[in-house]
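This report describes helix packing in a predicted model. The sequence and structure are shown below.

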Amino acid sequence: MTTDPVSVPGSLLRVNQISRQSLKSPIGEIGEEEEETVTTIPEEGAVAGCGDGGGGGGDEGKRMMEMEHDAEDLAREMLEVIDTVRSFGEFRRTQRKECFSLVRWLQVVAPLLEEINELETPISDAAYAQLCDLAEAFSDAKKLLRCCHDGSKIYLALESETVGGRFHAVYEKLNRALAGMPYHELGITDEVREQVELMNVQLQRAKRRTDTQDMELAMDLMVVLPGKEDLDVDRAILERLARTLQLQTLPDLRAETMAIKKIIKDRCGQNAESTQQIIELLNRFKQIAGIEDSNGLSEVALPKYLEKCPSLMIPNDFLCPISLEIMTDPVIVATGQTFERRSIQKWLDAGHRTCPKTRQTLVHLSLAPNYALRNLILQWCEKNKVELLKKEADLDSDPEGHEEEISSLVEDLSSIHLDKQRRAVKKIRMLSKENPDHRIAIAQNGGIPALVSLLTYPDSKIQENTVTALLNLSIDEGNKKLIANGAVPAIIEILKTGSVAAKENSAAALFSLSMLDEIKVMIGNLNGIPPLIDLLQNGTIRGKKDAATALFNLVLNSKNKARAIEAGIIAPLLQVLGDKNLGMADEALSILFLLTLHPDGCNAIGQQSFIQTLVEFIKEGTPKNKECAIAVLLELGSHNSSLLSAAIQLGVQEHLAEILKSGTDRAQRKAKALISKCEQVQ
């Protein structure tokens, strides 16, 4: 059977959810039939610009073919715009109503675009020009919605009339493009045409409408903007404004600072008075929040990697929640959240004893390195040619300056003196941590075989630093096979018998190495799956996540599915699924989905009690939970109708109907397929 692919969550890759769309990794969207083929999510881009449609002349047939291709491209790109703006989810309070209306109208156009996308004959010049106008309107709408999604809250409040004018301009463009669309010529169905025409009437009405302002917000802004001296009088108003605009916490104020820096850069010195008002209001919000310059807010600048690549979509979870910059040394705090080490250390040094993100009290102040996330960030940076800002401590990390040192360190790995070996392996671990050139240089100097020989060394510290160094070196694609050829058996042994940290780093190393299909097979053949399952069941939070990451990679291979099922993976996965404090439901559901693609997996997973769990996730889970749970239930029900009957008795159809109204696109498609299956067994 052919079904829609399930979207597998990037949270498999680390402590929090991570978007894997840009990584050289097997985690993306897994199809049921070609289970080991991954369809990566297309990078978001602006809607294509439209030229004149080409000149006339001799090769008319070729020109018409190109126009047909361009029309399909434009329709497909506009459909991608709809998916993008739907994914925004939430918008700034001051423009929320307009944003949701605009998103709803864009969605109404989707059936029209789908019919255009399926046309088998070229369209006329006039129709193509109209489609270009529509594409331009979609492009403007996406930019405006993105601004209202993550732009400066202060700017959007102060410039609400200007932003409102931008909405009206988008309505005008949409209205003009759709009113002139030759529906009959394009063969558009009556139902779709009537929906679009009804929407056009609503657009006409929206163009004439002038929304009433939030008067309390407007009055508060009028009071505070002149900068009155009586701070006692203004403080209550400032606090109300901060609460209204959701600018009370450190992460929110950092995000606002970044957004304002972007505005300053884009304005290039223009609108100086307005810009100064925005800055002054931000500073007053910081003041009432008790945030001093020592927290670094005033030092936040647009990162260099964004200045060079303004269109680059950085996965959100690669950014530190405090600094909003790509993390170079991510660490995990007691609540399981990940931060940049320097940022969270500043927070703790200031006397805070709560998690900046969740506000929960920290039961301890230990910071555990998140190696799996760090390596994924580095892989992503290498692929996208993003150069991370060097830390002060790394300013001397020029590879040429370390060339002789690396050669000497590799020699010391084979020293008869334990202290020399310890020092050498620790230094190599540090050098291989962030610099791609160091990783290459260490391999070229014979560092990999020397490190592999130390994996079986009885000294636990040497063992831990060695497996971590190999983990770092494995980021380089050329090093993976060199490491795997001799290291996999020893890494698996450390996974069984090593220290807690060594086990976690071993699991992360197996994940990194298993990016290559032949190494997936090797790890399975060498019995590496059972110790990973043991870590999933009995490890620390970080250990469980590293194990889940590696296991997901491994069970993409069909034989490894059978091995994992035989080794008893189902029970630990159900245990993880039931522990809400772990926050690993997406990981567990995604692995369970892959296992349902194997006959033994369906038999092992398909228990009545598990069906109740799936229905609960479909009812109350996160959007990603719901997608994964529906996919699992759909696959199980395709092989065992009694399981669908059990789900029906538990009220799954009611929850699926709700998802059809408000779920993600993939969840809606899955829900339709599952509803169809349910109807067949009733």
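In which hand of crossing, left-handed or right-handed, does H29 pass H31? The crossing of H29 past H31 is right-handed. The contact involves Gln608, Ile611 and Val615 on the side of H29, and Ser642, Leu643, Ala646 and Ala647 on the side of H31. Sorted by class, the residues of this contact comprise five nonpolar and two polar ones, with no charged residues.

Two packed helices are described by the angle between their axes and the distance between the axes. The table gives these values for two pairs.

| Helix pair | Angle between axes | Axis distance |
|---|---|---|
| H29 (residues 608–620) and H31 (residues 641–649) | about 50° | 9 Å |
| H20 (residues 477–497) and H21 (residues 500–513) | roughly 145° | within 9 Å |

At about 50°, H29 and H31 are therefore oblique to each other.

**The contact of H20 with H21**

H20 passes H21 in a left-handed crossing. From H20, the residues that take part are Lys480, Ile483, Val488, Ile491, Ile492, Ile494, Leu495, Lys496 and Thr497; their partners in H21 are Ala502, Lys503, Ser506, Ala507, Ala509, Leu510, Ser512 and Leu513. The residues of this contact fall into 11 nonpolar, three polar and three charged.

**The surroundings of H21**

H21 has 14 residues, and its first and last C-alpha atoms are 20 Å apart, close to the 20 Å expected at 1.5 Å a residue. This helix is mostly covered, with 11 of its 14 residues buried. The buried residues are Ala502, Glu504, Asn505, Ser506, Ala507, Ala508, Ala509, Leu510, Phe511, Ser512 and Leu513.

**Ala548 in H24**

H24 spans residues 541–554 and contains Ala548. Is Ala548 buried or exposed? Ala548 has a relative accessible area of 2% and is therefore buried, since buried means under 20%. The C-alpha atom of Ala548 lies 8.9 Å from that of Leu535, a residue 13 positions away along the chain.

Definitions and conventions. Residues are numbered from 1 along each chain as its sequence is written. This is a predicted model: local features need pLDDT of at least 70, side-chain atom pairs count only at pLDDT 80 or more; totals for chains, interfaces and linings use all residues. Side-chain values use heavy atoms; hydrogens and water are left out. Axes are lines fitted to C-alpha atoms, for helices over the stretch in contact, and angles run from 0 to 180 degrees between N-to-C directions. Helices (H or I, at least four residues) and strands (E, at least two) are DSSP runs, numbered from the N terminus. A crossing is left-handed if the near helix is turned anticlockwise from the far one by less than a right angle, and right-handed if clockwise. Contact means heavy atoms within 4.5 Å. Ala, Val, Leu, Ile, Met, Phe, Trp, Tyr, Cys and Pro count as nonpolar, Asp, Glu, Lys and Arg as charged, and the others, Gly among them, as polar. Buried means under 20% relative accessible area, exposed over 50%, partly exposed in between (1.4 Å probe, protein chains only). Angles under 35 degrees count as roughly parallel, over 145 as roughly antiparallel, 65 to 115 as roughly perpendicular and the rest as oblique. The expected span of a helix is 1.5 Å times one less than its number of residues.
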